[in-house]
Amino acid sequence: MLTNVYTPTRGTILLDGKETRGLKTNQVCKRGIARTFQNIRLFNDMTVINNVLVGLSNEMNYNVAASILRLPSYWKAERVARERAMELLSIFGMEDVADVKAGALPYGAQRRLEILRALATNPSLLLLDEPAAGMNPSETEDLMANIRKIRDMFHIAVLLIEHDMNLVMGICEGICVLNYGKIIAKGVPEEIKIDPVVIEAYLGKRGAK
């Protein structure tokens, strides 16, 4: 609903004080919301750098005629975009695999690439849907460090949906806990981990068989 894939039946979604109702998903993206997916959705047959360039299309400053005729404005925009794509890849140390097909990357690297593609759209809000899904403990530790790096470098809000409690407690500044679609607790990690309602919902009542 935040990216307008689905329309809410009630309520209002505001981004920087402006309602997003009626916007197309690409328009929401240009407004500043980017996301990754629980199941990785890269363009596997495209190179790593071309996946990032897809995200940068929001900022490409040439028209269709310029691209067809290969005018100077096209080549300038393409050069600037590739330079920016390489800068983004360097954040996660992926510049050496720029020309590798995305589908050939290890699982953890694919996760990082998907995040970089989202960052390429220049968001003010980054949505990460279970980014630690399928990761081993070492990869999850790297993910935590990368999310902190994104927060500190880009100064953007990050909304994380995750079931890995080590990741949630280790990185989140504010937590909202849902149980069967209803909010049962909100607060900082120190409050959430001792909340009796949360403990009962996720661990069961003490003494229950």
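Which residues is Thr 3 in contact with, leaving aside its neighbours within four places in sequence? Select Thr 3 to find out. This is a predicted model.

**Stop 1: Thr 3**

Thr 3 sits in the segment before strand S1 (14-15). Show what surrounds Thr 3. Beyond its sequence neighbours within four places, Thr 3 is in contact with Thr 25, Val 28, Ile 33, Arg 35 and Leu 127. Is Thr 3 buried or exposed? Its relative accessible area is 12%, under the 20% cut-off, so Thr 3 counts as buried.

**Stop 2: the second largest pocket**

Keep Thr 25 and Arg 35 on screen. Both are among the residues nearest the centre of the second largest pocket. The pocket has a volume of about 490 Å³. By class, nine are nonpolar, seven polar and three charged.

Now colour the elements around this pocket. Helix H1 (25-31), strand S3 (33-35), helix H2 (48-56) and helix H5 (107-119) each supply at least two lining residues. Which element gives the most? H1 does, with four residues.

**Stop 3: Leu 42**

Move to the loop between S3 and H2, where you will find Leu 42. Its relative accessible area is 10%, so Leu 42 is buried. Not counting residues up to four places away in sequence, Leu 42 touches Asn 51, Ala 102, Gln 110, Leu 113, Glu 114 and Arg 117.

Pick out Arg 117 from that group. Leu 42 and Arg 117 are 75 residues apart in sequence. Draw a line between their C-alpha atoms: they are 8.9 Å apart in space.

**Stop 4: Asp 129**

Next, select Asp 129 in strand S4. Asp 129 has 18% relative accessibility, so it counts as buried. Show its side chain together with that of Arg 35. The two side chains make a polar contact (3.5 Å). Leaving aside neighbours within four places in sequence, Asp 129 is in contact with Arg 35, Thr 36, Phe 37, Gln 38, Arg 111 and Ile 161.

**Stop 5: helix H6**

Select residues 137-154, which form H6. How many residues does H6 have? There are 18, and H6 reaches 26 Å from its first C-alpha to its last. That is close to the 26 Å expected at 1.5 Å a residue.

Look at the start of H6. A side-chain oxygen of Asn 136 reaches to within 3.1 Å of the backbone nitrogen of Ser 138. Then go to the other end. His 155 follows H6, and its phi is positive, near 55 degrees.

Now highlight the buried residues of H6: Thr 140, Leu 143, Met 144, Asn 146, Ile 147 and Ile 150. An α-helix has 3.6 residues a turn, so residues three or four places apart point the same way. What covers the buried residues of H6? The cover includes H5, S4, S5 and H7.

**Stop 6: the largest pocket**

Finish at the largest pocket, with a volume of about 1500 Å³. It is lined by 47 residues. Select those closest to its centre: Leu 159, Leu 160, Ile 161, Glu 162 and Cys 176.

The largest share, five residues, comes from S5. Colour the lining by class: 30 residues are nonpolar, seven polar and ten charged.

Note on methods. Residues are numbered from 1 along each chain as its sequence is written. This is a predicted model: local features need pLDDT of at least 70, side-chain atom pairs count only at pLDDT 80 or more; totals for chains, interfaces and linings use all residues. Side-chain values use heavy atoms; hydrogens and water are left out. On a 1 Å grid over the protein atoms alone, a cavity is a set of points where a 1.4 Å probe fits but cannot get out, and a pocket is an open set with protein on both sides within 12 Å along at least five of seven lines; lining residues have an atom within 4 Å of a point. Grid points are joined across faces, edges and corners, and a volume is the space filled by probe spheres set on the points. Ala, Val, Leu, Ile, Met, Phe, Trp, Tyr, Cys and Pro count as nonpolar, Asp, Glu, Lys and Arg as charged, and the others, Gly among them, as polar. The expected span of a helix is 1.5 Å times one less than its number of residues. Buried means under 20% relative accessible area, exposed over 50%, partly exposed in between (1.4 Å probe, protein chains only). Contact means heavy atoms within 4.5 Å. A polar contact is a pair of N or O atoms within 3.5 Å; within protein, one must be able to donate a hydrogen and the other to accept it, and residues adjacent in sequence count only if both atoms are side-chain atoms.
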